[in-house]
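Here's a quick tour of a protein and the molecule it holds.

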Amino acid sequence: MPEILELKKSFGKFTALNSLSMNITDNSIFGFVGPNGAGKTTTMKIMAGLLSADSGSIYINGEDVLKNPQKIREKIGYMPDFFGVYDDLKVTEYMDFYAGTYYIPYADRPTLIDSLLEIVDLSDKKDAYVDSLSRGMKQRLCLARSLIHDPNLIILDEPASGLDPRARVEMKEVLKQLKEMGKTIIVSSHILPELAEMCSEIGIIDHGQLVTQGTVNEIMNKIHKNRIVRVKTSSAKDTLIRLLKEQTKVGEITENADNIEFVFNGNDNDLTSILRNIIMNGIPVFSFGEAEGNLEEIFMTVTGGDEK
Ligand SMILES: Nc1ncnc2c1ncn2[C@@H]1O[C@H](COP(=O)(O)OP(=O)(O)OP(=O)(O)O)[C@@H](O)[C@H]1O
Ligand SMILES: [Mg+2]
């Protein structure tokens, strides 16, 4: 289990990491969230052995990265937030170049490169020039490159930034696939809902310190006791509102253009019984679930707003 302990880093007089501690469960997709300047990139670079820390430790596979950066680098894949690509190379040449930097034998490279390009869905671009790839494709190529030495911990700094919605979905799929392969993935973003869907755990950082960490639900429960539930009904809005008002554990009810939201402070069983009551009263429900965006709210609550 990767573990960060009291990590400190200053740039001159500025404290970028102020005693940051964080645990990451093996074989999870860990979302590392925080506003601009929170210290995400700094932490990730230190983890990848690319930047020194002032003090603290980072244990990966029982090894202190800070004491032995070279050894651990072999087990870590790192995808930076900005990457230099070699535009005048073809996709396979580019991959081959990185295979070389990890001393992967020539004979093994074609199969390895094919399988990595397959994972990131770039098989049909093998002979294309890197220059000619779209931004999303370049990002996936960069991810493939970071996997070349088969690392078990993959650190991805904002892998979805600058991608259109479809490319984001594709990136998420690739990350889920890597988890299926048994890898541990740390992915940073300042877009919380995006991470919530694919991450098993989330750590929120602000001003170089961990604000909170846990599963999405744990964090929600910790910070925002009341969940927001959204119901969509094709008709009978008034009946629904009347019925909701009679339920225990239901707080404020809001009527929106195409749905009704209510604040809910019970457990999952209570929620099931509310849904049952709605159905038994003949109200035609076609959607019932927790409203997304709650997480964004939590983020604003715990960090006190995005940009300070
Ligand atoms: N080389 C450096 N020299 C001076 N200050 C730095 C350096 N690198 C980072 N910082 C500062 O440390 C703080 C944390 O930066 P970092 O890049 O880790 O934030 P981040 O969470 O990745 O933000 P973003 O969401 O914008 O990527 C910022 O205030 C930044 O200005
Ligand atoms: Mg950053």
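What follows looks at a sheet and a helix, and then at the ligand. Keep in mind that this is a predicted model.

- Four strands make up an open sheet, in the order 2-1-4-5, with antiparallel pairing.
- Strand 2 (14–23) and strand 5 (63–64) sit at the edges with a single partner strand each, so one side of each has no neighbour in the sheet.
- Two bridges link strand 4 (residues 55–60) to strand 5, and the pairing is antiparallel.
- Look for Y59, which stands opposite D64 in strand 5.

**The helix on the sheet**
- Helix 1 (residues 40–47) packs on the sheet, where it touches strand 1 (3–11), strand 2 and strand 4.
- The direction of helix 1 makes about 115° with that of strand 1.

**Around ligand 1**
- The residues surrounding ligand 1 include F11, F14, A16, P35 and E158.
- Helix 1 gives the largest share of this shell, three residues, and strand 2 supplies at least two.
- By type, the shell residues split into five nonpolar, five polar and two charged.

**Polar contacts with ligand 1**
- In N36, an N or O atom of the side chain is 3.0 Å from an oxygen atom of ligand 1.
- G37 uses its backbone instead: a polar atom there is 2.7 Å from an oxygen atom of ligand 1.
- K40 brings a polar side-chain atom to 2.7 Å from an oxygen atom of ligand 1.
- On its own, ligand 1 has 640 Å² of accessible area, and the protein covers 60% of that.

Methods
Residues are numbered from 1 along each chain as its sequence is written. Chains are lettered from A and ligands numbered from 1 in the order in which they are written. This is a predicted model: local features need pLDDT of at least 70, side-chain atom pairs count only at pLDDT 80 or more; totals for chains, interfaces and linings use all residues. Side-chain values use heavy atoms; hydrogens and water are left out. Two strands pair if DSSP finds at least two bridges between them. Contact means heavy atoms within 4.5 Å. Axes are lines fitted to C-alpha atoms, for helices over the stretch in contact, and angles run from 0 to 180 degrees between N-to-C directions. A residue is near a molecule or strand if one of its heavy atoms lies within 4 Å of it. A polar contact is a pair of N or O atoms within 3.5 Å; within protein, one must be able to donate a hydrogen and the other to accept it, and residues adjacent in sequence count only if both atoms are side-chain atoms. Accessible areas come from the Shrake-Rupley method with a 1.4 Å probe; for residues, only the protein chains shown count as cover. Ala, Val, Leu, Ile, Met, Phe, Trp, Tyr, Cys and Pro count as nonpolar, Asp, Glu, Lys and Arg as charged, and the others, Gly among them, as polar.
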